[in-house]
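Please look through the structure shown here with its charged side chains in mind. The paragraphs after it go from one pair to the next.

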Amino acid sequence: DRLVDDFTEVWHAKMRDVPFVNKALSVEAVGFRRHEGRILGVLISPWFMNLIVLPDGEDWSGLVPGEKETLVFPSGEYEFLHNTRDMIGGYKACSLFSPMGEFTRQKDAADVARAVMEALFDPAHRAETDRVADIRAAREAELAPPEDADDTAEIDPTPTRRAIITGGLSQAEGAV
């Protein structure tokens, strides 16, 4: 309630006449629930839709506005910005939409917010870019020498005449 009240105040005091706001929308909190000791949900406003994380008993008043933090969910890693407001204190926000011109009705925005909350916890939505470590490990395994390779075999350190003349750029040293 305080989150909605705080951003409703921003809407009425500072944002109402800003050209890019969507006056068909209002401030609404959607799908908020407890997750890993914090409160998580989507905040809709006429100028943005953000995934919001609030503390649940922790003091986040020391968060430095603008600092970034990556939070991990089953669907992937997401970058959140730290911020603070007088009414609600510290919070973390991940931008989903801004501006909100794509939405013509509050109901549509709320439906998207509910879908976001569902998809956030579905590993099937994990993007390929979030699988970088898995892809790297698979590639390193492909490139690794076979386990039965003889690591004790010595390599002749004496360069060939062709290697000296071509500066080592010759691909086929045995070719004439």
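What follows is a walk through salt bridges and the surroundings of their partners.

This is a predicted model, in which local features need pLDDT of at least 70 and side-chain atom pairs count only at pLDDT 80 or more, while totals for chains, interfaces and linings use all residues. Residues are numbered from 1 along each chain as its sequence is written, and side-chain values use heavy atoms, with hydrogens and water left out.

Side chains of opposite charge can pair when their charged atoms come close. A search of the whole structure finds 8 salt bridges, a salt bridge being a side-chain nitrogen of Lys or Arg within 4 Å of a carboxyl oxygen of Asp or Glu.

One of them joins R85 to D6, with the closest N and O atoms 3.0 Å apart. This pair links distant parts of the chain, since R85 belongs to strand β5 (residues 76-85) and D6 to helix α1 (residues 2-15), 79 residues apart; helices (H or I, at least four residues) and strands (E, at least two) are DSSP runs, numbered from the N terminus. D6 is buried at a relative accessible area of 3%, whereas R85, at 26%, is partly exposed; buried means under 20% relative accessible area, exposed over 50%, and partly exposed in between (1.4 Å probe, protein chains only).

Another salt bridge brings E69 and K92 together at 2.8 Å, N to O. Because E69 lies in strand β4 (residues 68-73) and K92 in strand β6 (residues 89-97), the pair ties together parts that are 23 residues apart in sequence. K92 counts as buried at 5% relative accessibility, while E69 is partly exposed at 24%.

Finally, salt bridges also link K107, D111 and R114 in a network.
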